[in-house]
Amino acid sequence: MAKRIMIVDDSRVIELQLEQLLEETGYEVAAICRDGETAIAAYEEVKPDLVTMDIIMPGMDGLETARTILEAHPEAKIVMVSSLAYDDTINESKEIGAKDFIFKPFDKEQILSTFDRVLSES
């Protein structure tokens with residue numbers, strides 16, 4: 001059974017790139033959200049195996065969205081995916097409970113190896 005991924009990113013380009021990278025892999029895109037508020041509601045409904053989370057989005061940013069999801073669902077596996085790669089941002093995402101941080105631009109091998117590793121951790 002394919003692992004279900006929820007993409008949270010306001011960029012249509014990133015959304016399409018992730019969808020293409022995940023084609024013909026053991027992953028399926030279960031939901032796509034363009035803002036934090038939608039992501040929080042969708043998480044409750046979809047219960048994905050893994051969430052990719054952008055940081056800069058309209059309304060609630062990705063760090064606050066991840067924090068909110070993890071408070072309600074401590075078992076959630078969230079991987080931050082952002083071009084905002086400052087040490088304090090990376091540290092904050094780890095403190096919140098994100099499992100990893102992938103820098104944009106990314107490639108298929110990087111995405112798949114990160115997803116595989118994060119999902120194999122219990």
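Author: **V51 and its surroundings**

Leaving aside residues up to four places away in sequence, V51 touches M6, V8, Y43, K77, I78 and V79, where contact means heavy atoms within 4.5 Å. The model is a predicted one, in which local features need pLDDT of at least 70, side-chain atom pairs count only at pLDDT 80 or more, and totals for chains, interfaces and linings use all residues. Residues are numbered from 1 along each chain as its sequence is written, and side-chain values use heavy atoms, with hydrogens and water left out.

V51 belongs to the largest nonpolar core, which has 23 residues; M6, V8, V51, M53, I78 and M80 are those with the most contacts inside it. A nonpolar core is a set of buried Ala, Val, Leu, Ile, Met, Phe, Trp, Tyr and Cys residues joined through side-chain atoms within 4.5 Å. Buried means under 20% relative accessible area, exposed over 50%, and partly exposed in between (1.4 Å probe, protein chains only). At least two residues of this core come from each of β1 (3–8), β2, α2, β3, α3 (62–72), β4 (78–82) and α4 (87–96). Helices (H or I, at least four residues) and strands (E, at least two) are DSSP runs, numbered from the N terminus. A second, separate core of 17 residues includes Y27, V81, L112 and V118.

Two of the contributing helices deserve attention. The axes of α3 and α4 are 9 Å apart, and the helices pack at an angle of about 10°; axes are lines fitted to C-alpha atoms, for helices over the stretch in contact, and angles run from 0 to 180 degrees between N-to-C directions. α3 is therefore roughly parallel to α4, a term for angles under 35 degrees. The contact involves L63, A66, R67 and L70 of α3, together with T89, E92, S93 and I96 of α4.

E24 lies in the loop between α1 (12–22) and β2 (27–33); its phi is near 60°, a positive value in a residue other than glycine. E24 counts as exposed because its relative accessibility is 82%. K47, in the loop between α2 (36–46) and β3 (50–53), also has a positive phi, near 45°. K47 is partly exposed, with a relative accessible area of 44%. In the loop between β5 (100–103) and α5 (108–120) is P105, joined to K104 by a cis peptide bond with omega about -5°.

Definitions and conventions: Parallel < 35°, antiparallel > 145°, perpendicular 65-115°, else oblique.
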